[in-house]
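Welcome! Please keep the view open as you read.

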Amino acid sequence: MAWALKLPLADEVIESGLVQDFDASLSGIGQELGAGAYSMSDVLALPIFKQEESNLPPDDENKVLPFQYVLCAATSPAVKLHEETLTYLNQGQSYEIRMLDNRKMGELPEITGKMVKSIIRVVFHDRRLQYTEHQQLEGWRWNRPGDRILDLDIPMSVGITDPRANPTQLNTVEFLWDPSKRTSVFIQVHCISTEFTMRKHGGEKGVPFRIQIDTFKENESGEYTEHLHSASCQVKVFKPKGADRKQKTDREKMEKRAPQEKEKYQPSYETTILTECSPWPEATYVNNSPSPGFNSSRSSFPVTERVVRPRLTIYVCQESQQVREQQKQENGDGAGSTFYVYHAIYLEDLTAVELTEKIAQLFSISPQQISQIFKQGPTGIHVLVSDEMIQNFQDEACFVLDTMKAEANDSYHIILK
């Protein structure tokens, strides 16, 4: 394969170092994808080509990033030099991500002593799947009802507060943390890479994912919308123990290679350092546009755009109404035409305080008149409704509301049945 590159004299230094690598990187594209499968602009837009940008001298070459995120899982030894690292994970296993404050003295003084918000996502690495992310995730939801793609292991995590998992975004979790304190968050990925491949004859290679972390500080209104830093890494997820077997296989293959061949590959590192990337656009999941997380400029990140649909919707009906309707039916009044009226409650913050306010608003009473909210559990026990419980409610769940007089004052307890 021959190249006839005509570059300006000032670029001859770049030419001497890049032509051979560029030639090798494109040599197999035609055979793998087939003629006409992609235009050259599509190929160069793939996230893996983002790595080439690091070979060009950036304007802020000596810039120190404010944060560093370290995934405590070993990188694969079967990755060539100058390519992005690849890390294998086991489905459902808890993995630690260390959130490190990397600021110089006096840098970003406005967040000193304050909390920042980080959002962790599992997203597609492959550009083709990024364009169909919404359909892919909805298909996974349909096949795995009630499951999440990404979860926080809260008991094992250290230094995080207000953890949240949006019921409508299965691949996203978020939390607050103080950069001046030790912080480690443990995550679990419940999907595997082969769930998003076309199954024809078995043995297909799984698709790679990306774990991306976006961190924000508070604005003047107290909302975490001002972007500070984003970083990501490439992973593949296997069934339990599969990542360990794959890592062992890669290591054994590398040991059999000749010494001069081994020099072309990276060593396996005990941990994976997430590398800086562009922020992930918030509106991607809703508007079904392509996900340009690794190619979009920072200025295009719509951090202030809010999701139109509520984070959680539940339906409630007052028990006294049900009793009246049942009595009418037993007395022969309106038999066959009985129906119960439920009211929709839309929750954004997913907290017990918000639920209390919405129920009080629905029944035109003061929130102070509601002492506690309970959920009726097994054998009729009353379980106190907490923020965490609400965050695990199923979207569009239905509840019957019962009231019980509080002992100490004129307030009432609400029971969700």
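Helix α10 (residues 352–362) lies across β13, β14, β15 (370–376), β17 (397–405) and β18 (412–416), with contact meaning heavy atoms within 4.5 Å. The helix runs at about 150 degrees to β14; axes are lines fitted to C-alpha atoms, for helices over the stretch in contact, and angles run from 0 to 180 degrees between N-to-C directions. Helices (H or I, at least four residues) and strands (E, at least two) are DSSP runs, numbered from the N terminus.

This is a predicted model, in which local features need pLDDT of at least 70, side-chain atom pairs count only at pLDDT 80 or more, and totals for chains, interfaces and linings use all residues. Residues are numbered from 1 along each chain as its sequence is written, and side-chain values use heavy atoms, without hydrogens and water.

**The six-stranded sheet**
- The order in this open, mixed sheet is β14-β13-β17-β18-β15-β16, where strands pair if DSSP finds at least two bridges between them.
- β14 (343–347) and β16 (382–384) stand at the edges with a single partner strand each, so one side of each has no neighbour in the sheet.
- Five bridges pair β13 (residues 312–318) with β14 in the antiparallel sense, and threonine 313 stands opposite tyrosine 346 in β14.

**Strand β7**
- β4 (residues 116–124) runs antiparallel to β7, joined by six bridges, and serine 118 stands opposite phenylalanine 175.
- β6 (residues 160–164) is also antiparallel to β7, with three bridges; arginine 164 has glutamate 174 as its bridge partner.
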